[in-house]
Amino acid sequence: MAVEENDRLRDVEGDRVQHEKFKRAVQQTYELCRASAVPTQLKVEAYRMWAISEPDRKKAIRGLIDGIAEIDQRHGEDSPESLPLRLHLGLVVAAESREEGTAILDRALTIQRKHYGAVSEQVADGYMHLAVVAQVAEDFTLAEHHYRSAIDIARKACGPECRTLSTAIHALANIVKRDPRRAGEVEALMREWEEAIPKQPRRKRDEHP
């Protein structure tokens, strides 16, 4: 038993060390990207990863807000380039205030519609973020509504095979299976999920012979 306990403690310590290394790497990348004129995509990812790794929610929120302001200053107000930060900000804020988090995600959805069209994979992704907030708040009826909206839009925008579509179907199935009386519906959803999983990378699927 002592040997097993030592092994467990060693694994825990190893995980802690790796986590600290990851946090330092993210922090260094974040600071470098803030101080440099790096491509927008890299800057956005640096802000997002820093917010994910930051345990202090208030600091993460401030960092995301700063990132959105910087990206919008570079590309214009409500730029689509800032959407990854807005979507993540909505989820983080919703942990403290569902109403405020939902308002941020609603604004992101408006930006997605403006730049990508009402029927687009981006808009479907926006509905999925709203569904997550509702689901965490245990508002399963609203979460189901949002997931179904995401499924309908993703299917129209992407066709029968799409990562966003398959993810939304699987998430919906997890909500529906809470009710034992809907077992048949869950089985049907799982079949849809398997059919929607992309069989090959999108890059290859989009190529023409």
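My entries follow in the order of the look-ups.

**Ground rules.** I am working from a predicted model, where local features need pLDDT of at least 70, side-chain atom pairs count only at pLDDT 80 or more, and totals for chains, interfaces and linings use all residues. Residues are numbered from 1 along each chain as its sequence is written, and side-chain values use heavy atoms, with hydrogens and water left out.

**Overall fold.** I counted secondary structure first. The protein chain has 10 helices and 0 strands. I took helices (H or I, at least four residues) and strands (E, at least two) as DSSP runs, numbered from the N terminus. I then checked burial: 38% of the 209 residues in the protein chain are buried. Buried means under 20% relative accessible area, exposed over 50%, and partly exposed in between (1.4 Å probe, protein chains only). I also looked at contacts (heavy atoms within 4.5 Å). Among those between residues at least 6 apart in sequence, 56% join residues at least 24 apart.

**Helix α7.** I picked residues 140–158, which make up the 19 residues of α7. From first C-alpha to last, α7 reaches 26 Å, close to the 27 Å expected at 1.5 Å a residue. The expected span is 1.5 Å times one less than the number of residues. I listed buried residues of α7, including Glu-144, His-146, Tyr-147 and Ile-151. What do the buried residues of α7 pack against? I found α6 (121–136) and α8 (163–176). Gly-159 follows α7, with a positive phi near 90°.

**Pair α4 and α5.** I compared the axes of α4 (residues 83–94) and α5 (residues 98–116). They come within 7 Å and cross at roughly 160°. Axes are lines fitted to C-alpha atoms, for helices over the stretch in contact, with angles from 0 to 180 degrees between N-to-C directions. The two helices are therefore roughly antiparallel to each other; the label needs an angle over 145 degrees. I noted contact residues on both sides, among them Leu-87, Gly-90 and Leu-91 of α4 and Gly-101, Ile-104 and Ala-108 of α5.

**Cysteines.** I searched the whole structure for disulfides (a pair of cysteine sulfur atoms within 2.5 Å). The search gave 0. Cys-158 is in no disulfide, and its nearest cysteine sulfur, that of Cys-162, is 3.2 Å away. Are these two residues buried or partly exposed? Cys-158 counts as partly exposed because its relative accessibility is 22%. Cys-162 counts as buried, at 0%.

Notes: Angles under 35 degrees count as roughly parallel, over 145 as roughly antiparallel, 65 to 115 as roughly perpendicular and the rest as oblique.
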